[in-house]
Amino acid sequence: MVSARYVEYRETRMKSRGQPDCLYAAVHAAEFPAQAILRLRPDLRSHPCVVLAGSPPEERVCALNLHARKRGVVHGMTRLEVDELGNIHILTCFAETEATARNVFLETLLQFSPRIEETFATNASAFVLDITGTERLFGPPHEIALRIRSALSTVGFRASICICTNYDTARIKAEFSSGISVIPYEKESEALAPVPISALHLELEHYETFALWGIGTLGELAALPEEELIPRFGQPSRAWLALSRGYAEHTFQPMEARFELKEHIEFETHIEQLDSLLFVCSNMINNLVARASSRALSLASIRIDMSLEGSAQYKQVIHPAIPSNDRKFLLKLMQLEIAAHPPQAAVDSLTLTAEAGQHCKVQLDLFALPMPEPSRLDVTLARLKAIAGADRVGSPVLLDSHRPGNFQIGEFSINDQLFTDAKTLNRTCLRRVRPPHTLRMQLNTGKPAAFRDGSAPFCVSVAYGPWQSSGCWWAVDRWDLEEWDVMATNDSGESIACLVVHDHLNGKWLLDAFYD
Amino acid sequence: MLFMTDQESKPALCIKNTREDYIELHIASAFSFLASSSGPDSYIERAIEIGMPAMALTDRNGLYGAARFHASATQNGVKAHIGAEIAVSSFGKHSVPPSWLPNLHQDEPPRIVLLCKSQTGYQNLCQLITRFKMRETTKTEGAATFDDLEEFSEGLICLTGGEEGPLASALDHDGEAAATKHLDRLTSIYGRNNIYVELQRHQEREEEFRNACFLSIASRMSLPIVASNGVRCASNADRELLDVFTAIRNHTTVHQAGRLLSRNSLRYLRSSPEMVEMFRDVPEAIANTRIISERLEFTLNNLGYEFPRYPVPNDESMDSFLAKRVEEGIRKRYASSLKKPLLERARKQAQHELELIAKLGFAGYFLIVWDIICHCQRNGFLVQGRGSAANSVVCFALEITAVDPIGMELLFERFLSESRGEWPDIDLDLPSGDHREKVIQHIYEKYGALGAAMTANVITYRGRSSAREVGKALGFDEQQLSKLSVLVGHWEWRGANDTMENHFGHSGLDIRHPLIGKYLELCTRMYDLPRHLGQHSGGMVICAGMLNRIVPIERASMPGRTVVQWDKEDCADLGLIKVDLLGLGMMAVLKDSLELIPRHYGEQVDLASLPEDPLVYQTLCKADTVGMFQVESRAQMASLPHNAPGCFYDVVVQVAIIRPGPIVGKMMHPYMRRRQGKEEISYPHPLLESVLKRTLGVPLFQEQLLRMAMVVASFSGSEAEELRRAVGMRRSMQRMRNLEGRLREGMTRNGINEAEQDNIVQAISSFAMYGFPESHAASFALIAYASAYLKVHYLAAFVCGLLNNQPMGFYSPAVLIKDAQRHGLRVRTICIQRSDWPCTIEHEMDNTQSLRIGLNYAKGLRQSTAEALIASRISQGNFRSVDDLASRVPELNRKDLSLLAQIGALNSINEVAHRRDALWQIQQAGRPVGPLLRNRTSNPSVSNNMPLRKMTIDERLAADYSGTGLTCGPHPMKYHRDSLRRKGYVSANELQRSSTNSFVRIAGSVIARQRPGTAKGFVFLSLEDETGIANVIITPDLFERERVLITRTRFLDIEGLLQIQSGVVHIKAHCIRPIDITTADLRSHDFH
């Protein structure tokens, strides 16, 4: 059955000599996490291998090779279940390995066409290449497919390849077949007929309906009358039919060359002065800001890489609170960062790499009180971070736990509600010692009697406690602490009120805090 | 101890008592439901370990664990004080961390501790709990008010509680003045002598701050203080489980529970020295625990339970009123010419029974049960007493039971005897469903909301529930937990490999990992701890308006029901009498059949006078018993051809003999051999011939034991019953020795020599444990015979009744239908033009009956929707098209329409060609139509195009089983029979014609799997094909090898040795394989 839409599609896509003017090659590498590892471990390729993802004890199989599948491994199995099958190599999934492998995969494909679009498939790496007009370079479609397969094989990948004049047909067929397929023009529907309907990525409800109808493949779906289907499912069904009959239209969106905000300079002579370095930095920041501004972007972060004399490397990153194009502000942040972490040798080369971000779009209130510029807060925070460390500046956030002193540093925020609880304000303050000092404690009938903090000996006059606290018994970071509030004096008559802790799990006494 | 080493400050209160024994007065057990991790028994064990002579159980808002605590404490010589933590909403909110400290605490009312000084105090506590629990409209925790406390304050001692108490919350929220105010209020309610300010020390700073304030307030108000540990677990190791319970209670995980979890492990039952050391700065607090303990005189031995009274006319006593009703009953029961000869014996027996009933003061109980029977009769409800009550002619006369104890020579003493020291126990069988509920509601109305309640059923953690809930609390994912839950089976028999460790392994969890190891450990520790309180299926306690003084009553989750806080055993242990109103599915089937038979067969059937029908016995002898009461199980079918019942008493024996008791007691095989003439009938002594003749010399019934003792040793009925109980329960060796001595003396007097005495004693002791009550068997046999009679003569009505009262019995509806079809019944599929909500009987052209499956079998279709469909069909006639159906019954959503189309229920519509066509049409018809097109007359969903192909056979089967759980078409195996036959498979009915000890190969769907506790690990499979059911035996070794295959696979191919004995056919499996028959989801009925 040839629908009117198909005729229309064919007419618009054909060249004058009756052939469409485009050709696509879809490349689909299934079980990519496993391939990413096994390409570098040829010794394992002939053995059953699985890749586990997740953290113990809940690791599950996320990818496997054909040998493992033959041994009965399926996705989602736990480590123990795989172990029980015996003699299966268990590998661990690393995102970095997978990302690197993807880049290699892509680079290989770039040899065949600069116009490549990435398609997203579960557990796979998949791309569609626009190979229109490449016949003169690489030969007829089948030849191109063979070359692509050969090139991928060289770098250790196995992939299914489909060449077709229709983008989606090529993509689907590559995903649901193995080896090489070249689909002749006007044979798309035929080629797609055996593909399961799951290729359409429908909603569960629609799958259920199709299952009840006995529609399991694209061929069966394609046979349904369009004018009957649309009243039942609405307009989306038009697209399903187009996909299943092989005439879906697609606007090719090639991957663009990466927009990289990067400036690099090699110095003819070593730079030892900060001012000189900042002078160069100023120009580089100007360039980065100009390039970002031309794309209506701002700088969200700047990574500073320096090669130092003696081949040492220097790396720091500055993060303004909000993306900014303020050259002076960015330069100031950089100055503070470098001043806080000065290079340990003269500088040979400098690279600034910026991450682009969107401008701040907050519209201020006409009637609001004048506020300092947001960038000034950033400068202040940067100064504090330069002194205390980046992970030690922000707002402390208490955690829901009995573990003493349990908190984390969150993003800095201003609480505009004044704390007026007089009862709480009158309480004694506790000044935490971080990290806690290890003490040598002397006990008398189980209670602290004297301790030595470094070289200074203290004699305990009063000890209140012990206050017991334990928890997280199910995890490795469990705790079991005994706290004592003690008053102690040293030989010179100096008196302190402090909190000492006996960590039962590590058998240590610690000076944890002072009472002010 | 805590605090102060060098500069100790002395407490302000003077020390009044220097005794250092500490008694724990504030303990929550696991019956505080998810607020404690130790059961009452564990506390008693710990008390013995640490030498604590007494302790008080104070569960949250109830006395749920009190009965078990009391029983365990009494056995171990510990004094069990009874009390409860009571939530009081008038105090405001419970103390929680301040809002700036992240926490998940919910608002709850503070709780005080109330301890029972006297019986009055206990009754007040019960009434107090009942008052606030019953004030709620649904099952919930509830909370008391000051008014409630004031009304029920007498006889109680109040402790102010720890962090959960009102003083702590007042102190946290509003300071010392507020705490003083609360204490003032409690003092005015309970009096200065009955209030103690409670101090707890768990080595926490906030708590010590509070303690200092409490001491100051107590000193100022001159109130005594008392120490407690606010105990939540028996040992500190149980803290982990307590944390898990906390996470479960708050619907979170331990990772996220944060401050809801315990701060440390100190809320366990601490020993006296530990507590004395802890409170050595306030020794008065310790001394007062002892003083309070001495003041708490009440124990559950002194419950104050009174036997229920029945209202009788002024000029009558309950005894005389009962005697008149019995006399009337006897005249009626023995009026027929057949029974008349028994009349005098019945009167004499009734006189004997009434004297005993009067002596024991049980008349009220019999009258209450009689009243229930009268109510059922007035309303036309079927009712029949079961159990040992059938031994009593009084029960027979009052029409409580249907078995004539005189005619069947049953022994009254098995039911009631003076020496027994227990209340009578009458169980009534009612049709499950509406009728039973109406009877229950009648009892509530008659005896008042505070006079009757259901007994509770304490739901405890089992393997599956503990694995699931601990897993969730530890943060494991749902998929993994489901996998584990499926594997943790509930087979009755547990082999060496049926361990949690193995189940964890099979589900892919590595127990070597510390977290998984902990998970497993917690599951094991959680096993058997209470999870929540349900209601017992039928047990009701009746106490004429005073039940709320005996035990607290609360709302059940089912509307209109109330439940006491103790379960059936607890009630029995404490002497509360109950009536069991049990819903028996077969009674409902009989009731339905009796209504259908006159309408569709034009005949009347009276269950009380069913004839002894040879056809029924022939059917029983062939073990053609699918669907029949008590004789349909696999084991019954295997024994029926051997025993070949030929009269009613044979059915009584048949019902009794296939039980775990007689099987374990090795009574079954001797009886069967004698029945088949393979073994000579002999008696332990000639004197016993009269007693054992009916059971061919094999002692089988408990009543026979009693009679044996009466015949050979001249025991009285009550002495004989005492002997049965002593031997059967092995309660006391000394008592058994004494009774044996008396038995032997009696036998000597009767001239029985020593060798014969040994023989008789051996016979008595070997079966005392396993004997079955003859009266119970007789009651069940009546129903079994009635069900067999109805099935044989009125198949359509009987099957219709069975299908309308599912779930019940041994077989699924799918199997029942296949069996009915094999017996010639036509079964029609669900049809929107014909089906009602329940299954119905239709008449064929040849005037025979057929069965129409009701819309109740369309899975997921709501009754209200189906009724709207039926109403539309009745009022406006048949549905003309799918669109007509969708527009006339707007309650049908697209899912419903899809379901009906899928199961073929729309095929009767003219415009529908087949199921897929209906599915195609409903996809459009189910869509809402805009106002413009709403009144159009043409049918848009029908088009000439029929794009979807018909369902294949397999698809149709899959749709049938997934949509209805059954198929009315041929059995799935029938479609494969030709190819199977070519491969050498035989069908179930061909097995009978094969030769024994030959190797055969069969295939079929698994309809039942059993691993009985008495079968030493053997597994029995029932395999069904289109010709019948084949029985397969699987050895424990084979089961271990193929466990997953046997427990999960729906269709099996089995090769094995055929064994035929007296018409009973078994295949001993040697090889088991899966076989691909259909993708349809056939469900097996697995027995655990």
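This is a predicted model: local features need pLDDT of at least 70, side-chain atom pairs count only at pLDDT 80 or more; totals for chains, interfaces and linings use all residues.
1. **Extent of the contact.** Chain A brings 50 residues to the contact, and chain B brings 71 residues. Together the two chains bury about 4,800 Å². Carbon and sulfur atoms give 52% of that area. On the chain A side, look for Arg232(A), Trp473(A) and Trp474(A): they lose the most area to chain B.

2. The rule finds 5 salt bridges across the interface of chain A and chain B. One of them joins the side chains of Asp485(A) and Arg205(B), at 3.1 Å from N to O.

3. **Elements on the chain A side.** Several elements of chain A each supply at least two residues to the side that touches chain B, including helix α12 (226-233) and strand β18 (479-490). β17(A) gives the most, with 12 residues. By class, this side of chain A has 24 nonpolar, 11 polar and 15 charged residues.

4. **The largest nonpolar core.** This core has 149 residues. Ile86(B), Phe366(B) and Trp566(B) touch the most other members. Helix α14 (residues 363-378) of chain B gives the most to this core, with 11 residues.

5. **Around Ile86(B).** Leaving aside residues up to four places away in sequence, Ile86(B) touches a set of residues that includes Pro110(B), Ile112(B), Leu125(B) and Phe132(B). Asn61(B) and Arg111(B) are also among them.

6. **A second core.** A separate core has 147 residues. Its members include Ile197(A) from chain A, and Leu584(B), Ile783(B) and Ile853(B) from chain B.

Conventions: Residues are numbered from 1 along each chain as its sequence is written. Chains are lettered from A and ligands numbered from 1 in the order in which they are written. Side-chain values use heavy atoms; hydrogens and water are left out. Contact means heavy atoms within 4.5 Å. Buried area is the accessible area (1.4 Å probe) that two parts lose on being put together, summed over both. A salt bridge is a side-chain nitrogen of Lys or Arg within 4 Å of a carboxyl oxygen of Asp or Glu. Helices (H or I, at least four residues) and strands (E, at least two) are DSSP runs, numbered from the N terminus. Ala, Val, Leu, Ile, Met, Phe, Trp, Tyr, Cys and Pro count as nonpolar, Asp, Glu, Lys and Arg as charged, and the others, Gly among them, as polar. A nonpolar core is a set of buried Ala, Val, Leu, Ile, Met, Phe, Trp, Tyr and Cys residues joined through side-chain atoms within 4.5 Å. Buried means under 20% relative accessible area, exposed over 50%, partly exposed in between (1.4 Å probe, protein chains only).
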